[in-house]
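Morning, everyone. Let me show you one chain and walk through how it is put together. Please have the sequence and the model open.

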Amino acid sequence: MPITSVFFIPSNPNAPTALATITERLNSAFGEEPALLGRWGLEHKLMRDTPSCLPPSTLQRQTVPKLMQFLWLYHYPTHGFIYASQPLDNGNSPAGATANTAPSSLQSSQAAAVTPPMIMTTVPHQSTASLYQHFVYACQPFWAPRHTVTVQGGMVYEIGDFRVRVGDVRQTQPAVRVRGTVVEIEWRGPSLASTLSALYQSRKQKTGKASGSYSFNEEESEVDDDSGIGMAFPDSVEEADIDAEYAVTASLIRDFWAKLGVDGAREAILVSDIGKEAKRRLRELKQHGNQGPSRTEKHDESGQQTDEDPDPDAGVDVARQYMEIFRFNR
């Protein structure tokens with residue numbers, strides 16, 4: 001689970017985007033180092049709850065709009081992402097308050113006060129579009145589509161320990177227009193979050209052998225070659241270490257972005273709930289100890305084992321960042 005950030009440079013409908021500028025500055029700032037790896041893309045759909053048809057009461061507190069966002073990232077092909085508002089706790093939270101419990105050092109500058117608490121989930125890629133259509137047609141009185149934006153034919157560059165994805169954002173619904181340019185910067189160097197993910201997947205695969213149990217001991221521990229961190233280390237790691245790593249990596253990414261000298265960008269780096277899944281995996285690894293996390297095999301109606309998403313949490317952090325950026329005119 002690499003640590004990433006997203007920058008968005010808006011543009012006027014009839015003005016050129018920043019894509020050419022960013023591409024030129026990537027080459028000028030890093031010389032011959034940028035290597036074009038290929039293409040990428042995404043699609044994002046935003047929905048909002050419909051207002052009540054009843055007249056507002058003088059005693060009724062101001063309601064916070066509820067949102068539902070659907071995101072497809074082509075570099076995470078196994079699943080789509082759904083980000084939905086949660087109800088405020090028993091209606092006791094003040095209007096516009098969020099349920100964000102992340103430490104202040106990990107809160108984004110874009111954490112708007114009018115955003116309700118959100119919950120992230122992933123679903124199989126082929127099911128994401130079906131779920132969206134369900135809400136469009138079956139839940140029409142309650143949810144209304146707001147807009148759809150896409151990135152088509154974006155470029156992917158490898159620059160040292162960073163992978164950079166850049167592309168123009170085009171709105172396709174309700175009206176066709178160019179919204180701006182988006183840049184995703186991914187840290188590919190040593191990462192505690194990535195090592196936790198690798199250890200989690202390793203133990204998950206091993207617990208799936210034989211009768212579903214596996215003794216993971218010091219003699220069988222592995223080492224992640226990229227990070228150099230021992231794969232039997234969770235007892236020495238705390239959640240505060242994950243917070244600290246995200247903060248340090250955010251500084252590295254901001255320094256990388258500053259070299260491009262692009263003004264007027266909105267950033268989404270340390271957004272709400274960043275690192276949530278990495279912390280959950282750390283807790284599970286500590287809780288299960290040498291037995292590792294449990295693995296449940298899924299079967300279809302005929303009893304045949306079905307393919308399981310190897311890592312359903314992959315990309316959730318960057319998905320949150322894109323969704324923070326793409327709440328246009330909500």
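A definition to begin with: helices (H or I, at least four residues) and strands (E, at least two) are DSSP runs, numbered from the N terminus. This is a predicted model, so local features need pLDDT of at least 70 and side-chain atom pairs count only at pLDDT 80 or more, while totals for chains, interfaces and linings use all residues. Residues are numbered from 1 along each chain as its sequence is written, and side-chain values use heavy atoms, with hydrogens and water left out.

Start with Arg179. Arg179 sits in strand 8, residues 177-187. Buried means under 20% relative accessible area, exposed means over 50%, and partly exposed is in between (1.4 Å probe, protein chains only). Lys and Arg count as positive, Asp and Glu as negative; His and the chain ends are not counted. A salt bridge is a side-chain nitrogen of Lys or Arg within 4 Å of a carboxyl oxygen of Asp or Glu.

Arg179 is buried yet has no salt bridge. The nearest side chain of opposite charge is Asp168, 12 Å away. What does the side chain of Arg179 make a polar contact with? The side chain of Gln171, at 2.6 Å. A polar contact is a pair of N or O atoms within 3.5 Å; within protein, one must be able to donate a hydrogen and the other to accept it, and residues adjacent in sequence count only if both atoms are side-chain atoms.

Zoom out. The chain has six helices and nine strands. Of its 330 residues, 47% count as buried.

Next, the sheet. Strands of a sheet pair through backbone hydrogen bonds, either parallel or antiparallel. Two strands pair if DSSP finds at least two bridges between them. Here nine strands form an open sheet, in the order 5-4-3-2-6-7-8-1-9, and the pairing is antiparallel. Strand 5 (118-124) and strand 9 (266-268) stand at the edges, each with a single partner strand, so one side of each has no neighbour in the sheet. From one strand to the next, the twist averages 20 degrees. For angles, axes are lines fitted to C-alpha atoms, for helices over the stretch in contact, and angles run from 0 to 180 degrees between N-to-C directions.

Some pairs, quickly. Strand 2 and strand 6 pair over 13 bridges. There, His44 has Val149 in strand 6 as its bridge partner. Seven bridges join strand 2 to strand 3, and Met47 stands opposite Met68 in strand 3. Strand 3 (67-73) and strand 4 (79-85) pair over four bridges. Gln69 has Tyr83 in strand 4 as its bridge partner.

What packs on this sheet? Helix 6, residues 316-325, is one answer. Contact means heavy atoms within 4.5 Å. Helix 6 touches several strands, including strand 1, strand 2 and strand 3, and its direction makes about 15 degrees with that of strand 1. Helix 1 (19-30) lies across strand 1 (3-10), strand 6 (143-159), strand 7 (162-173) and strand 8, at about 25 degrees to strand 6.

Pro117 is in the loop between strand 4 and strand 5. Pro117 is buried, at 9% relative accessible area.

Side chains of opposite charge can pair when their charged atoms come close. The count here is 14 salt bridges. Among them is Glu43 with Lys45, closest N and O atoms 3.4 Å apart. Glu43 is partly exposed, at 23%, whereas Lys45 counts as buried, at 14%.

Asp243 and Lys279 meet at 2.6 Å, N to O. Asp243 lies in helix 4 (239-258) and Lys279 in helix 5 (276-288), so the pair ties together parts that are 36 residues apart in sequence. Both are buried.

Asp311 and Arg281 also form a salt bridge, at 2.4 Å. Asp311 lies in the loop between helix 5 and helix 6 and Arg281 in helix 5, so this pair links parts 30 residues apart in sequence. Asp311 and Arg281 are buried too. Finally, salt bridges that share partners join Arg165, Glu184, Glu186 and Arg188 into one network.
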